[in-house]
Amino acid sequence: MSDTLVFLEPKGTILEVVRAAKSRGFHVVALTSDESLLLQTPAPYKTAIPLIDVTLKIESWQDIATIEKEVDDLNSQNPIMGIYSGMDHCAVATARLRKKYGLPTSDPETLDLILDKHWLRSKLRELGLSRLQTIPGRVADTWQTWPMPSATYFKPVRGFFSAYVKKCNGLDDLRLAREEWRNGLASDPSYVKNYLRSQNEYHLEEAFDGELLSVEAFSRSGVFRPLGLLSRILYSKDPVVEMGSCFPYPHPLEDKIIDLVKRAHEQLGILEGPTHTEVIVSQNGEVEIIDLNPRFVGADVLQSINFAYGLRIEEMLLDFALGVGGVPHLKQEAFSCLQYFLPPVMDRFESVDFPSAPEVKFHTTFMAPGAKIVSTKRQFDYLGCYLTVMPSFQSALDRSRELRTEVRINGDAEGIY
């Protein structure tokens, strides 16, 4: 039998790495804590699911001993040559397994600390890489009056997809945000609930106004290489909710932004693999790191990068999973604009029609026909997306906006942006 490649919680574009692994002849094993991630996979990724040879259920990504035993049993049957994941909630388990099997990885304990949002902010301040204050939830719980000079953001310490992130201008906002977080929502996927509660704490982070974007990067043996900047399209009714992005983003402060993120990687000890770092740039040119995820960028941005650079970046991610290859050198060919849309208020989803323009290179739908619509305001509620590819950044953004009116839901309704 072929050598084994293990995927932890494969979802969405991670399945393109699965497809690449199978094309190279590997025996593919998936460990998953939530089988709905596979069952509800949209096109075109769902065609990679039959390529998974074995699927094993994991109860908790915090139970490292049990996970190691499962993987050791696999290794006794066929040698494990690679391990990969693209999800925050199993990043530490992935790093521990990669370390055990001699694959390049950042230190698992370091990643565990970085994924603690309060610790990360505190450490960035200590290193002189941030000026933003952070207040532990246990301290904020004692407040009788609002002591902050400006707004803050309520954030779970183990954050996920901006879930339960709320801007707070006073105690009333804080109480509402805290209540919603503690109660949770029935529509939350189980893997989200489990990760949010794996460290059942929150913190408040000083608000920093400006433009949100991210640095997509890849490191090997401590060598940091930016893949490019990714802009943001935000929800018109709630700027916490991201509705799309353009790649690569030729920002006038690109060098300054990348330098800050590079120094953070070096000083925090992020030495190996892909990372997704969110930053905000203020009107006067100040830059703050808002979040740092030790994984490849999510959503469908893999498609954006592939069309912008004329490659299959899943092959590079597969090389990393196997512990081979170096820091990538990329050549830009175009600009990609990825636009998500939310469903309008309606009982059920039946169909969606996408723009038929030749510059639309990719589109997908995240709900099955007949599905009941229970929520319409969060990133979890995306109904679909389309990708517009053009020769310049501005033309990609403009054309994508023009095409919004050509998206039709259930025949005549427009998407919500």
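Author: Two strands count as paired if DSSP finds at least two bridges between them. Strands here are DSSP runs of E, at least two residues, and helices are runs of H or I, at least four, numbered from the N terminus.

Reader: What kind of model is this?

Author: This is a predicted model; local features need pLDDT of at least 70, side-chain atom pairs count only at pLDDT 80 or more, and totals for chains, interfaces and linings use all residues. Residues are numbered from 1 along each chain as its sequence is written, and side-chain values use heavy atoms, with hydrogens and water left out.

Reader: In what order do the five strands of the open sheet run?

Author: The order is β11-β12-β15-β18-β17, with antiparallel pairing. β11 (233-235) and β17 (360-365) are the edge strands, each pairing on one side only.

Reader: Which helix packs on the sheet?

Author: Helix α13, residues 393-402. α13 touches β11, β12, β15 and β18. Contact means heavy atoms within 4.5 Å.

Reader: How many bridges join β12 to β15?

Author: Four. One partner pair is cysteine 246 and cysteine 337, the latter in β15.

Reader: New topic. How many residues of strand β14 are buried?

Author: Seven of the seven, so β14 is largely enclosed by the rest of the structure. Buried means under 20% relative accessible area, exposed over 50%, partly exposed in between (1.4 Å probe, protein chains only).

Reader: And which strand pairs with β14 over six bridges?

Author: β13, residues 273-281, in the antiparallel sense. β13 and β14 form a hairpin with five residues between them. Glycine 285 in the turn has a positive phi of about 90°.

Reader: Histidine 276 is in β13. Buried or exposed?

Author: Histidine 276 is buried, at 6% relative accessible area. Its side chain makes a polar contact of 2.9 Å with that of glutamate 216. Another, at 3.5 Å, goes to the side chain of glutamate 278. A polar contact is a pair of N or O atoms within 3.5 Å; within protein, one must be able to donate a hydrogen and the other to accept it, and residues adjacent in sequence count only if both atoms are side-chain atoms.

Reader: How many salt bridges?

Author: The count is 31. Each needs a side-chain nitrogen of Lys or Arg within 4 Å of a carboxyl oxygen of Asp or Glu.

Reader: What is the N to O distance between lysine 117 and aspartate 291?

Author: 2.6 Å. Lysine 117 is in helix α6 and aspartate 291 in β14, 174 residues apart. Lysine 117 is buried at 9%, and aspartate 291 is buried at 15%.

Notes
Axes fitted to C-alpha atoms, helices over the stretch in contact; angles between N-to-C directions.
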